Amino acid sequence: MECLSALVTWLGSLEGARLARVLEARGDVVAGPEPGSVGELAERLLRPGSVAAVLPRLTLPCLQVAEALAALAQPAPRDRLAELLGVGGDGRQLDAVLEVLAGQALVWPDGAGALYMAEALRGAWDAPLGLDASLEELLEGVTSDELRLMLGRLGIRAPGVKARRLAALVEWLGRPERVVELVAEAPVAARRLLERLAEAPAEGAGLIMVGSCGGGGAPGERWAMERGLLVADRYGYGPARMPAEVALALRGPGWRAPFEPEPPVARLVQVTPEEVAREASAAATAFVGGAVSVLGVCSAAPPWRLKSGGIGARELGRIGKAARVDDAVVRLVLESAYGAGLVGKDGDRVAPGAGYDDWTEREPAEQFAELVRAWWDAALTPTRARDEDGKALPALADAPGCEGCVQARHGVVAAAAGMPAGYGVRDRAELGQLVFWQRPFADSADPDRAPHAEVVREAELLGVLGRGALSPLGVALSGDARELVAACRELVPTATGIVRIGGDLTAVVSGTPAARLAALLDSVADRESSGTASVWRFSAGSVRRALDAGRSGEEIAADLADVAAGPLPQPLAWLIADAARGHGRARVAPAGCVIHGEEPALLAELAAHRALAPLGLRQLAPTVLVSRRPLDATLDALRAEGYGPVAETADGVVRVDEERPLRVPGVPQRRGARVRERRAADVDLPALAARLLAAPAAVPDPAAAGASLATGTEEAVARWAKGLTYADLRQLAHAIDTGGAVTVEYLAASGNLTVRTLSDLGLDPPYLEAWCHLRDDERVFTLSRIQGVMPA
């Protein structure tokens, strides 16, 4: 209530223009307040959903200041905040950040030099700056006798009242110099434990969404707990916790919270607009050529999907090898084409959709515009090939959307747009660092690599970036469809319908080949490279492939002559003629088995017998017939018509069919044992039938039968984890509500089913935040991927 009252007072003191700017910055509040409705407006601004919508737009220094403010008790004096951040002098940079936060109605002054912040923003950190709750808050559940014991260990005479004991302990441990002296005299194990728990987060680590303080029964923990330096969890679950006062004292008087008010400086290189456009054009032309090749391979041989969904590494490698592009291009093309509706999932395969044929007939600029728009709107990072555990990720895996991925993509374009005119970034890793400063919530994927390296690489492959600067295509991404198509037409040349065929049996197409030309060359030659110039090579095998498809040598030569820049080279003409001349000289017919004998009249009779027509007998020689049916089926048909054929083995020996009694291998003989068959007469069939009819068709599910769910947590879990049984979802919801631990069967994004033990569960539908004991790290799990729940 105090926070709300301060916000109402502050909003009422604003001028109309500034209040309008605050409301405009908070897009959820679209109109100004009516007279007397400032309180209602303040309540809307403090709603958790309203605050959460603003967070992705904050820069790194805004989040750093907010985290430092969250670590202080409210209202926090501005001077105390400046001291914690290490801000000296006039503090203009801190004031500028506070002005931005106030412009979003996230932090506001109370008029007396103190600062308030929205409670929803304060709750974004479990442990701001790696600090736990205050000593007074942690000791709230401690008994009076336990307080007396702590004071005794510290050499303090305990007062008689619990409140006075608590105040005395808080006052004594609230002095940093006393805490430092006490820890210096502690046993080695206790001192090392306390110093490790008090360690500050790494400088420049960015937003600390979850903090963890724990001893886990480590050596020296009991000594610290007896003196109030560590406090046991009041619910008896989890490790001991270190009060914020103790942690700050052990960090030392010189420790300061991270604060980076200035963006990282990217080294720039001077470039001209022509250079940027030329490099972007080359990249866009190469990409659209690779896209035509990749989708052509998928059309000719649709890739198989994994049982867990998506296209695996083996199929991606096959497509890339056939299309002569690397894995990143294959993933980028498939994800963009799927977003544009050019490919779809057909059972166990991924095949081109109904719009693919129309897409192939368009100009390359229009083809490219459709793919780049799908990339811009994608909910994931298409070229990400590894998950957080380093396991391979399939393409088109139907993973849930990632708002951080969208923020990363838009952040890269925004950062490049902010570069000075005529300059580009020399090192793309520095561009990723700038994006991290501007949008800390953007997903940066692999922490061991440069931030946003995958997204920057995608922008370069598509021609959105050229020479480290934003290309005209990148500028057009924020416009409408017509502007985007116009920019693509400036970058991507029109399709080429002419091929230059050399005497070394190569065919070279400059630019993007037309769909008809590419289809012709793919059918009669092997593609060697794609890009600004595509190369095919003719061989006897490739020409024979076209002849096998039903085309004659004359037709192949005529089609190539129509698209060639000059007459066909003599080596190619000879190659086509030689391949056509030798094609079909030997023929292979399908056969189930061969019938032969020494009497031509008998075999002629069999070939003309009407009842044997289903065998499809064909006479190859006076004494040789070929049957379409297998050997045993042919034998049965001949014997049914009164003939007496015999079967032969593969080496021409007459086969003798001898029936042998069936024996089960590996069963030892048991002497003296008698086995009695249970006859049908021994079974009471009517009684058995009655029992079977009385049995339920299936074990009823209480949730399906309409059983009410006890808590809101159970309702939230049941809504998203639809594959769980009623018992599983109740067990998971109970662990979330009580802070317990569970073991779950989880289907990872890579398709592997893993078993993980989780604790510190936090529900954020459709996700579950938890501490994963398998990875020893904080992880986020998708509720729909949880297959089963077991006790930990």
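Leu688 sits in helix H32, which covers residues 685-694. Before I go on, a reminder that this is a predicted model. Leu688 has a relative accessibility of 36%, so it counts as partly exposed. Together with Leu685 and Leu692, Leu688 makes up a nonpolar patch on the surface, and the three have about 300 Å² of accessible area together.

Next, the strands. Which strands make up the open sheet of four, and in what order? The order is S10-S11-S13-S12, with antiparallel pairing. At the edges are strand S10, residues 500-501, and strand S12, residues 526-529, each of which pairs on one side only. S12 is joined to strand S13, residues 533-537, by three bridges in the antiparallel sense.

S18 and S19 pair in the antiparallel sense, over five bridges. A hairpin of two residues joins S18 to S19. In this pairing, Leu763 is opposite Leu768 of S19. The loop between S18 (753-764) and S19 (767-772) is where Pro766 is found. The peptide bond from Pro765 to Pro766 is cis, and its omega is near 5°.

On its other pairing, S19 meets S20 in the antiparallel sense over six bridges. Here Tyr767 stands opposite Thr782 of S20. Which residues of S19 are on the covered face, and which on the uncovered one? Leu768, Ala770 and Cys772 form the covered face, while Tyr767, Glu769 and Trp771 form the uncovered one.

The hairpin of S19 and S20 has four residues between the strands, and Asp776 takes a positive phi near 55° there. Asp776 is not a glycine. Strand S20 itself runs over 777-782, and Asp776 lies in the loop between S19 and S20. Is Asp776 buried or exposed? Its relative accessibility is 56%, so Asp776 counts as exposed.

There is another positive phi at His452, near 60°, again in a residue other than glycine. His452 is in the loop between helix H22 (428-438) and helix H23 (453-462). With 2% relative accessibility, His452 counts as buried, because buried means under 20%.

On to salt bridges. How many salt bridges are there in the count? The count comes to 27. One of them is between the side chains of Arg241 and Asp132, at 2.7 Å from N to O. This pair links distant parts of the chain, 109 residues apart: Arg241 is in the loop between helix H14 (221-225) and helix H15 (244-251), and Asp132 is in the loop between helix H8 (119-122) and helix H9 (135-138). Arg241 is partly exposed at 27% relative accessibility, whereas Asp132 is buried at 16% relative accessible area.

A second salt bridge brings the side chains of Asp427 and Arg267 together, at 4.0 Å from N to O. This pair also links distant parts of the chain, 160 residues apart, with Asp427 in the loop between strand S7 (423-425) and H22, and Arg267 in the loop between H15 and strand S4 (268-270). Asp427 counts as partly exposed at 29% relative accessibility, and Arg267 is partly exposed with 44% relative accessible area.

Arg482 is exposed, at 71% relative accessible area, and Asp480 is partly exposed, at 34%. There is also a network: Arg153, Arg222, Glu226 and Arg227 are joined by salt bridges that share partners.

The last stop is Ala573, in helix H29, residues 570-582. Ala573 counts as partly exposed, at 34% relative accessibility. How far is the C-alpha atom of Ala573 from that of Leu505? The two C-alpha atoms are separated by 9.9 Å, and the residues are 68 apart along the chain.

Terms used. Residues numbered from 1 in each chain as written. Predicted model: local features only at pLDDT ≥ 70, side-chain atom pairs only at ≥ 80, totals over all residues. Heavy atoms only, no water. Patch = residues over 30% accessible without salt bridge, like charges linked within 9 Å, V, L, I, M, F, W, Y side chains within 5 Å. Areas by Shrake-Rupley, 256 points an atom, 1.4 Å probe, with all protein chains shown as cover. Buried < 20%, exposed > 50% of the residue type's maximum accessible area, 1.4 Å probe, protein only. Pairing = 2+ DSSP bridges.
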